[in-house]
Amino acid sequence: MADEGRMLQGRMCVACRAKRPKQDLWRVVRRSDGAIAFDPTGRLAGRGAYVCSAACLEQAQGRRGLERALRCRLTEEDYAQVAAGIASATKQDMRETEV
Ligand SMILES: [Zn+2]
């Protein structure tokens, strides 16, 4: 938690490197057991990385950006799971603005 407070100014998308407010980005988390999880709430514990869209997730997959950010290997299933999460969250507009 030590670094959570310092970076309120924004998080960086691992694909296009755009800096955006946290609530405009999708969080992907590596849980302590090594599992990759899509985190629409931004509240899961673990090492997090951010992408701004499904397109950026694809780009991150091609460039291994998430691997670098999360310091672990991601399988095709991991990417598919995150992509599905983004797709359904976008549809349902699960993202709530937390200001
Ligand atoms: Zn992006």
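Modeller: A word on terms before we start: helices are DSSP runs of H or I with at least four residues, strands are DSSP runs of E with at least two, and both are numbered from the N terminus. The model is a predicted one, in which local features need pLDDT of at least 70 and side-chain atom pairs count only at pLDDT 80 or more, while totals for chains, interfaces and linings use all residues. Residue numbers start from 1 along each chain, following the sequence as written.

Biologist: Where is Leu74, then?

Modeller: Leu74 sits in the loop between α2 and α3.

Biologist: What does Leu74 touch?

Modeller: Taking contact to mean C-beta atoms, placed from the backbone, within 7 Å of each other, Leu74 touches Ile36, Leu66, Glu67 and Tyr79, with residues up to four places away in sequence left out.

Biologist: Stepping back, what pattern does the chain follow?

Modeller: Along the sequence the pattern is β-β-β-β-β-α-α-α, which comes to three helices and five strands. Of the 99 residues in the protein chain, 26% are buried.

Biologist: In what order do the strands of the open sheet come?

Modeller: The order is β4-β3-β5, an open sheet of three strands with antiparallel pairing, where two strands pair if DSSP finds at least two bridges between them. β4 (36–39) and β5 (47–51) are the edge strands, each with a single partner, so one side of each has no neighbour in the sheet. From one strand to the next the twist averages 30°, an angle taken between N-to-C directions of axes fitted to C-alpha atoms and running from 0 to 180 degrees.

Biologist: How many bridges join β3 to β4?

Modeller: Four bridges join β3 (residues 26–30) to β4, with Val29 opposite Ala37 and Arg27 opposite Asp39. The two strands make a hairpin with five residues between them, and Gly34 in that turn has a positive phi of about 95°. On the other pairing, β3 and β5 run antiparallel over five bridges, and Val28 faces Ala49 there.

Biologist: How many residues of β3 are buried?

Modeller: Five of its five residues are buried; Trp26, Val28 and Arg30 point one way, while Arg27 and Val29 point the other way.

Biologist: Which residues have the most contacts inside the largest nonpolar core?

Modeller: Such a core is a set of buried Ala, Val, Leu, Ile, Met, Phe, Trp, Tyr and Cys residues joined through C-beta atoms within 7 Å. The largest has 19 residues, and those with the most contacts inside it are Cys13, Val14, Val28, Tyr50, Val51, Cys56 and Ala60. At least two core residues come from each of β3, β5, α1 (54–63), α2 (65–70) and α3 (76–92). Val14, beyond residues up to four places away in sequence, touches several residues, including Tyr50, Ala60 and Leu66.

Biologist: Which residues of α1 are buried?

Modeller: Cys56, Leu57, Ala60 and Gln61 are buried in α1. They line one face of the helix, because seen down its axis they fall within an arc of 145°, the arc being that of the directions from the helix axis to the C-beta atoms. On the other side of α1, Ala55, Gly62 and Arg63 are exposed.

Biologist: Changing topic to the backbone, what is phi at Arg17?

Modeller: Most residues other than glycine have a negative phi. Arg17, though not a glycine, has a positive phi of about 65°; its place is the loop between β1 (11–12) and β2 (19–20), and Arg17 counts as exposed because it has 10 C-beta neighbours inside 10 Å.

Definitions and conventions: A residue is buried if 20 or more other C-beta atoms lie within 10 Å of its own, exposed if 12 or fewer, and partly exposed in between; C-beta atoms are placed from the backbone. Two residues are in contact if their C-beta atoms, placed from the backbone, lie within 7 Å.
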